[in-house]
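Could you walk me through this model before I set up any calculations? A short tour by topic would be welcome.

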Amino acid sequence: MSTNEEEQTPRILIVEDDERLAMLTQDYLVKNGMDVAIETDGNRAIRRIINEQPDLVVLDVMLPGSDGLTVCREVRPHYHSPILMLTARTEDMDQVLGLEMGADDYVAKPAQPRVLLARIRALLRRSENTPSEEVPQRLEFGELVIDNGGRSVTLNGELVDFTSAEYDLLWLLASNAGRILSREDIFERLRGIEYDGQDRSIDVRISRIRPKIGDDPENPKRIKTVRSKGYLFVKEGN
């Protein structure tokens, strides 16, 4: 294999204490062109994610040592690639907490291999997307500056830290400033799947984004919730 081919092979770290399940998942992903490692302990996972910087992490919530939510929270300041959280099918709270801790997406267990692969590929595509020259790559709204070339956000001259999923949502809203985007629109454009009417990930991310851009969560002026319609990024701040 050439160096160029090696560089194009996505490096995935599966953090899962069920070794049989982890190995089955590893085999499936390897057959689909990925370089996959396994870690079974949460404490070791924190060190490995920070040191190895894989292209994507598949992270189970229930782990020995540090649980998945703790792992996510601990690595986020040092790791900016996608984290896909695995949660129990009935644990809606785990899903919401995972997003609040900085996960980019989640899949309910037991995860169908094809579904897991599709979500991984979608996250990798999002993180690798190169900006289109047809769309302005730097948006300014007063003291808020969003630079899509460097995927950076500054407020009052200070760099603000965003997860990749939060940034993608902010850029989508800001680049459509003045237009109401429905949850259906947002879901299809960010995740490539239809909105099921129940997923709360968009709402959770909006609640995290607002204070980061200086918006009042209780009385937002920049990202407004339009009842029964969706979200509106306001062009002119008050």
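Pro110 sits in the loop that runs between β5 (105-109) and α6 (113-128); helices (H or I, at least four residues) and strands (E, at least two) are DSSP runs, numbered from the N terminus. Please keep in mind that this is a predicted model, in which local features need pLDDT of at least 70, side-chain atom pairs count only at pLDDT 80 or more, and totals for chains, interfaces and linings use all residues. Residues are numbered from 1 along each chain as its sequence is written, and side-chain values use heavy atoms, with hydrogens and water left out.

- The peptide bond leading from Lys109 into Pro110 is cis, and its omega is near -5°.
- Most peptide bonds, by contrast, are trans.
- UniProt, in an unreviewed entry, lists Asp60 for "modified residue: 4-aspartylphosphate"; such annotations may be inferred rather than shown by experiment, and their positions are given in the numbering used here, with feature names shortened.
- Asp60 belongs to strand β3 (residues 56-60).
- Is Asp60 buried or exposed? Asp60 is buried, at a relative accessible area of 4%; buried means under 20% relative accessible area, exposed over 50%, and partly exposed in between (1.4 Å probe, protein chains only).
- Not counting residues up to four places away in sequence, Asp60 touches Val15, Glu16, Asp17, Gly68, Leu86 and Lys109, where contact means heavy atoms within 4.5 Å.

## Salt bridges

- The whole structure holds 13 salt bridges, each being a side-chain nitrogen of Lys or Arg within 4 Å of a carboxyl oxygen of Asp or Glu.
- One of them joins the side chains of Asp60 and Lys109 (3.3 Å, N to O).
- Asp60 lies in strand β3 and Lys109 in strand β5, so this pair ties together parts that are 49 residues apart in sequence.
- Lys109 is partly exposed, with 22% relative accessibility.
- Arg183 and Asp203 also meet through their side chains in a salt bridge (2.9 Å, N to O).
- That pair links distant parts of the chain, with Arg183 in helix α8 and Asp203 in helix α9, 20 residues apart.
- Both ends are partly exposed: Arg183 at 23% relative accessibility and Asp203 at 25%.
- Glu52 and Arg48 form a salt bridge as well (2.9 Å, N to O); being four residues apart in helix α3 (residues 42-52), they are separated by about one helical turn.
- Glu39, Arg44, Arg48 and Glu52 are linked in a network of salt bridges.

## The three-stranded sheet

- Three strands make an open, antiparallel sheet in the order β10-β12-β11; two strands pair if DSSP finds at least two bridges between them.
- Why is one side of β10 and of β11 left without a neighbour in the sheet? β10 (180-181) and β11 (223-226) stand at the edges, and each has a single partner strand.
- β10 is joined by two bridges to the antiparallel strand β12 (residues 230-233), and Ile180 stands opposite Leu232 in β12.
- Helix α9 (residues 201-212) packs on the sheet, where it touches β11 and β12, and its direction makes about 145° with that of β11; axes are lines fitted to C-alpha atoms, for helices over the stretch in contact, and angles run from 0 to 180 degrees between N-to-C directions.
- Helix α7 (residues 164-174) lies across β10, β11 and β12 and runs at about 70° to β12.

## Nonpolar cores

- The largest nonpolar core has 27 residues, of which Ile146, Leu170, Leu173, Ile186, Ile223 and Phe233 touch the most other members; a nonpolar core is a set of buried Ala, Val, Leu, Ile, Met, Phe, Trp, Tyr and Cys residues joined through side-chain atoms within 4.5 Å.
- Helix α7 gives this core its largest share, seven residues.
- Apart from this core lies another of 21 residues, among them Leu13, Ile46, Val71 and Val75.
- In α7, 11 of the 11 residues are buried, so the helix is largely enclosed by the rest of the structure.

## Positive phi

- Arg151, in the loop between β7 (144-147) and β8 (152-155), has a positive phi near 50° and is partly exposed at 31% relative accessible area.
- Ser228, in the loop between β11 and β12, has a positive phi of about 65° and is exposed at 78% relative accessibility.
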